Amino acid sequence: MSDSPIQFKGVNGDLMLSLDWGEPFEQLIDHLEAQLKSSDGFFRGSKVILEIGPRLLTLADLDALRDILARFGMTFHALCGMGPDEKIKPASLATLLAPRIPDSSRDSESDQISHAEKVLDATTAEVFPTASRGRAGARLPRTSVKIQPGDAHAPAKTLLVKRTLRSGQVINYAGNIILIGDINPGAEVVAGHDILIWGSLRGTASAGAAGDPLASIFALHMAPSQLRIGDHITRSPRENLLAAEGHDALPEVAKIENGTIVVEAWPTNKKSIPLKMNLRSSSAEAADKPSRE
Amino acid sequence: MGRIITITSGKGGVGKTTTSANLSASLALAGKRTIAVDTDIGLRNLDVVMGLENRVVYDIVNVAEGAVSLEQAWIKHKRVQGLYMLPASQSRNKNAVSVNDMKRIGQELKQKFDYVIIDCPAGIEQGFQNAIAAADEIIVVTTPEVSAVRDADRVIGLLENASKEKLQLIINRLKPAMVKRGEMMSTGDVTEILAISLLGVVPDDEKIIVSTNCGELAIFNPASVAGKAFKTIARRLLGEEVVAPRPVEASVNGAGVMNKLKHFFFGANDTHPA
Ligand SMILES: Nc1ncnc2c1ncn2[C@@H]1O[C@H](COP(=O)(O)OP(=O)(O)OP(=O)(O)O)[C@@H](O)[C@H]1O
Ligand SMILES: [Mg+2]
């Protein structure tokens with residue numbers, strides 16, 4: 001256990017900064033500055049993954065952090081953390097990830113959001129939005145980033161994640177996501193395009209968030225509490241479903257067919273059957289129709 | 001130097017205090033100088049479970065404030081040689097003890113005891129952070145219920161993020177008959193999701209309630225199956241390889257209730273044509 005409230009760790013060539021949970025934010029900022037000062041430019045040029053635990057950060061906090069990193073020639077790369085229920089929306093993350101722009105042009109929320117779109121459209125940012133809530137009085141903008149439909153045809157980047165996502169943890173990425181590990185109940189993975197889970201999917205997976213109707217979700221063991229592809233949603237009829245591993249479980253893939261999410265064996269055989277769940281979808285008529293046998 | 005072990009859970013009422021009390025006493029009986037520390041400020045009850053309620057004079061807040069020494073505040077158990085208890089405060093505000101206070105108290109206790117067992121409050125607020133601040137090892141307690149497992153999972157995620165690496169699991173209040181009927185998650189169902197090493201399984205046992213009511217620990221009741229399980233767990237903590245007859249490993253056909261539910265939702269016959 002180190003006494004510093006900020007831990008520095010190398011992660012795949014990037015720099016992970018873990019913030020102590022208990023330390024007041026103002027002190028953390030001071031510590032960070034002091035530590036970077038004493039590091040004598042050692043971290044210059046590094047991409048920073050900020051690990052904030054259950055801490056609640058405001059946009060102003062995020063800005064302050066970004067300013068300091070920028071001052072020492074470092075850039076934000078990703079944010080990880082967790083909190084009770086809401087997510088820091090990609091919009092607020094993008095303000096972190098975006099290059100600095102003059103203050104006058106970013107005093108309104110909408111500016112920040114349009115700025116965010118640019119960042120995510122480029123699919124350059126590897127974003128791990130954190131589930132968290134702004135402090136009272138300083139709520140984070142709730143608008144989610146819309147990824148342009150045109151993106152569906154652009155070559156998508158892929159984010160490889162090697163860990164199990166536990167309840168309350170969220171990963172969000174504009175390209176494809178490959179996750180080696182499980183997605184536990186209460187955890188969520190959101191990708192602009194395809195999702196491949198080398199493990200059990202028991203939480204929520206949203207593929208094709210960029211409006212890609214051809215997106216699929218692959219899992220070695222498919223037992224989700226909710227699946228979303230594009231604007232189609234299926235959910236299991238019971239809340240809080242915890243599905244355990246069937247040792248006979250076979251890999252499966254979920255995709256849209258005839259306006260319905262279907263799940264079939266993977267690698268694909270001829271047979272494709274509709275998911276036996278309550279189907280609810282934004283195009284409700286489509287979902288109610290039986291899919292092809 | 002002793003070991004600091006924090007007992008935590010996420011969800012409330014799953015048996016942290018029961019576990020803390022019984023493990024502490026078992027370790028002391030095994031000849032290890034042990035102190036049980038109650039960090040549930042405002043809801044102190046470890047003293048009650050250990051039958052020491054009427055001897056509380058000072059508490060952990062007094063120690064944190066520097067008003068009294070640890071030696072003045074801790075209570076020596078009369079019946080169990082080498083067993084001590086540091087009570088929580090009943091009435092003070094929850095933030096009266098800081099993470100740094102806990103680290104300091106933990107360090108000091110580690111010099112004086114072989115085992116420091118910290119009973120954590122429910123939730124993931126200040127009290128939780130205090131309780132884990134000084135921990136060398138953590139035991140996560142859950143019951144085999146969906147909501148308890150979900151909260152345990154969340155807490156394990158937080159602990160992993162806080163670089164707490166030595167995490168072990170106790171499943172409490174398992175009802176073998178229910179597991180057999182496929183009405184309760186089995187040990188396998190729970191460990192499948194939580195994926196940390198299993199320290200032990202404690203069956204549901206009515207005698208625990210009798211014990212709690214008279215401040216008599218379950219481990220002293222030879223008829224208590226839960227008491228037996230706690231003794232076994234203590235031996236595992238001491239490094240013994242104990243293969244206890246675990247209540248129920250998996251239900252019939254190796255598939256627990258959750259798997260059955262899943263089959264119901266997904267139509268297993270259809271999705272698994274093979
Ligand atoms: N194995 C068991 N069999 C039957 N009852 C049990 C068992 N373990 C605990 N209990 C009962 O469950 C209740 C809660 O236990 P306990 O106080 O140890 O939980 P806790 O996790 O410390 O709760 P809190 O979160 O409120 O601190 C008590 O009434 C206790 O007697
Ligand atoms: Mg308790």
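## Close-up views of a predicted two-chain model

**View 1. Confidence along chain A.** Chain A has a mean pLDDT of 67, and 56% of its residues reach 70 or more; pLDDT is the predictor's confidence in each residue, from 0 to 100. This is a predicted model, in which local features need pLDDT of at least 70, side-chain atom pairs count only at pLDDT 80 or more, and totals for chains, interfaces and linings use all residues. Residues are numbered from 1 along each chain as its sequence is written, chains are lettered from A and ligands numbered from 1 in the order in which they are written, and side-chain values use heavy atoms, with hydrogens and water left out. Among the elements of chain A, strand 9 (residues 195–201) has the highest mean pLDDT, 96, while helix 4 (residues 109–121) has the lowest, 29. Helices (H or I, at least four residues) and strands (E, at least two) are DSSP runs, numbered from the N terminus. The pLDDT is below 50 over residues 83–153 of chain A, a stretch with 144 contacts in the model beyond near neighbours in sequence; a contact means heavy atoms within 4.5 Å. Residues 272–293 of chain A also have pLDDT below 50, with 54 contacts beyond near neighbours in sequence. Where pLDDT is low, the predicted coordinates should not be read in detail. For the model, the scores are ipTM 0.76 and pTM 0.68.

**View 2. The make-up of chain A.** Look for 5 helices and 17 strands in chain A. Of its 293 residues, 54% count as buried, where buried means under 20% relative accessible area, exposed over 50%, and partly exposed in between (1.4 Å probe, protein chains only). When contacts in chain A between residues at least 6 apart in sequence are counted, 52% join residues at least 24 apart. Chain A exposes about 12800 Å², and carbon and sulfur atoms supply 53% of this area. Accessible areas come from the Shrake-Rupley method with a 1.4 Å probe; for residues, only the protein chains shown count as cover.

**View 3. The make-up of chain B.** Chain B holds 13 helices and 8 strands. Its mean pLDDT is 88, and 88% of its residues reach 70 or more. One stretch to read with care is residues 247–274 of chain B, where pLDDT stays under 50 and the model has 66 contacts beyond four places in sequence. Of the 274 residues in chain B, 59% are buried. Among its contacts between residues at least 6 apart in sequence, 77% join residues at least 24 apart. The accessible surface of chain B is about 10900 Å², with 49% belonging to carbon and sulfur atoms.

View 4. Start with helix 1 (residues 16–29) of chain B: at 1.5 Å a residue its 14 residues should span 20 Å, and its end C-alpha atoms are 20 Å apart, which agrees. The expected span of a helix is 1.5 Å times one less than its number of residues. Because 13 of its 14 residues are buried, helix 1 of chain B is largely enclosed by the rest of the structure. Just after this helix, Gly31(B) takes a positive phi of about 90 degrees. Now find helix 5 (residues 99–112) of chain B, which also has 14 residues and reaches 20 Å from its first C-alpha to its last, close to the 20 Å expected. Among the buried residues of helix 5 of chain B are Val99(B), Met102(B), Ile105(B) and Leu109(B).

**View 5. The surroundings of ligand 1.** Ligand 1 is surrounded by 17 residues, and the closest are Lys16(B), Thr17(B), Thr18(B), Asn172(B) and Asp205(B); a residue is near a molecule or strand if one of its heavy atoms lies within 4 Å of it. Helix 1, strand 7 (167–174), strand 8 (197–203) and helix 10 (207–213) of chain B each supply at least two residues of this shell. Helix 1 of chain B gives the largest share, 3 residues. For polar contacts (pairs of N or O atoms within 3.5 Å; within protein, one must be able to donate a hydrogen and the other to accept it, and residues adjacent in sequence count only if both atoms are side-chain atoms), see three examples. A backbone N or O atom of Val14(B) lies 3.2 Å from an oxygen atom of ligand 1, and one of Asp205(B) lies 2.9 Å from a nitrogen atom of ligand 1. A polar side-chain atom of Thr212(B) lies 3.4 Å from an oxygen atom of ligand 1. On its own, ligand 1 has 630 Å² of accessible area, and the protein covers 81% of it.

**View 6. His77(B) in its loop.** His77(B) sits in the loop between strand 3 (75–76) and strand 4 (83–86) of chain B. With 11% relative accessibility, His77(B) counts as buried. Its contacts, not counting residues up to four places away in sequence, are with Met50(B), Leu52(B), Arg55(B) and Leu83(B). The side chain of His77(B) also reaches the backbone nitrogen of Arg79(B) at 3.2 Å.
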